[in-house]
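Good morning, and thank you for coming.

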Amino acid sequence: MTASPATVRRAPRQLIALGVGAVFLLVGILGFIPGVTTNYEQLSGAGHESGALLLGVFQVSILHNIVHLAFGVAGILLARTASGAKAFLVGGGVVYLVLWLYGLLIDHGSAANFVPVNSADNWLHLGLAVGMIALGLIPLSGSKAPIADSR
């Protein structure tokens with residue numbers, strides 16, 4: 001007798017959190033790829049000295065890329081439950097809101113800019129904050145979408 005794949009039902013918010021987590025994971029990986037990250041030879045561990053730019057726009061460092069990877073893994077893992085997906089979206093949105101405020105308040109050329117961030121990052125962080133919090137809090141209707149699972 002062979003086992004047939006089970007069908008797991010995911011709420012829309014879980015699918016959204018899974019997608020957001022996957023994008024963060026991809027961005028973390030892309031930050032380590034020369035060509036996708038310009039000035040790759042200037043990639044530093046942390047700090048504003050990193051001249052590496054993801055997609056030629058967003059300032060990144062090894063620390064910044066690792067944060068993206070960690071957010072991605074967290075999103076994928078937390079998307080397994082509806083409450084985890086909501087916590088990831090709202091909590092992650094709050095973290096990005098704090099990062100946006102941090103980016104506005106610090107001098108981008110100072111040692112306080114350890115993440116590092118630039119103006120493009122600040123706008124992206126604001127968009128991520130608003131988007132993730134909204135997706136975590138707005139009521140999402142609809143039935144759970146089936147996902148094939150080979151358990």
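**Contacts, rings and surface**

Serine 110 itself is found in the loop between α3 and α4 (119-137). Because its relative accessibility is 19%, serine 110 counts as buried. The terms are these: buried means under 20% relative accessible area, exposed means over 50%, and partly exposed lies in between, with a 1.4 Å probe and protein chains only.

A word on the origin of these values. The model is predicted, so local features need pLDDT of at least 70 and side-chain atom pairs count only at pLDDT 80 or more, while totals for chains, interfaces and linings use all residues. Residues are numbered from 1 along each chain as its sequence is written, and side-chain values use heavy atoms, with hydrogens and water left out.

Now the overall layout. The protein has 4 helices and 5 strands. Helices (H or I, at least four residues) and strands (E, at least two) are DSSP runs, numbered from the N terminus. From that end, the order of the elements is β-α-β-β-β-α-α-α-β. Of the 151 residues in the protein, 35% are buried.

The UniProt record, an unreviewed entry, carries the annotation "transmembrane region" for residues 15-33, 53-78, 85-103 and 123-142. UniProt positions are given here in the numbering used for this model, feature names are shortened, and annotations may be inferred rather than shown by experiment. What do two of these spans look like in the model? Residues 53-78 are 65% helix and 15% strand, with the end C-alpha atoms 29 Å apart. Residues 85-103 are 100% helix and 0% strand, and their end C-alpha atoms lie 26 Å apart.

I turn next to the aromatic residues. A pair of aromatic rings is described by the distance of the centres and the angle of the planes. Rings of Phe, Tyr and Trp (its six-membered ring) pair if their centres lie within 6.5 Å; planes under 30 degrees apart count as stacked, over 60 as edge-to-face and the rest as tilted. By this rule there are 4 aromatic pairs. In one of them, the rings of phenylalanine 24 and phenylalanine 71 have their centres 5.4 Å apart and their planes at 45°, so the pair is tilted. This pair links distant parts of the chain, with phenylalanine 24 in helix α1 (residues 12-30) and phenylalanine 71 in helix α2 (residues 62-78), 47 residues apart. Both phenylalanine 24 and phenylalanine 71 are buried.

Phenylalanine 24 also pairs with tyrosine 96, and here the rings are stacked, at 5.5 Å centre to centre and 25° between the planes. Because phenylalanine 24 lies in helix α1 and tyrosine 96 in helix α3, the pair ties together parts that are 72 residues apart in sequence. Is tyrosine 96 buried or exposed? Tyrosine 96 has a relative accessible area of 2% and is therefore buried. Phe24, Phe71, Phe88 and Tyr96 form one aromatic cluster.

Two residues deserve a remark on their backbone. Most residues other than glycine have a negative phi, and most peptide bonds are trans. Asparagine 39, although not a glycine, has a positive phi of about 55°. Asparagine 39 sits in the loop between β2 (37-38) and β3 (53-54), and is partly exposed at 31% relative accessibility. Leucine 55, also not a glycine, has a positive phi of about 60°. Leucine 55 is found in the loop between β3 and β4 (58-59), and is exposed, with a relative accessible area of 58%.

Arginine 80 lies in the loop between α2 and α3 and is exposed, with a relative accessible area of 58%. Arginine 80 and alanine 11 are 69 residues apart in sequence and 9.6 Å apart in space, C-alpha to C-alpha.

Finally, leucine 101 lies in helix α3 (residues 82-105) and counts as partly exposed at 40% relative accessibility. Thank you for your attention.
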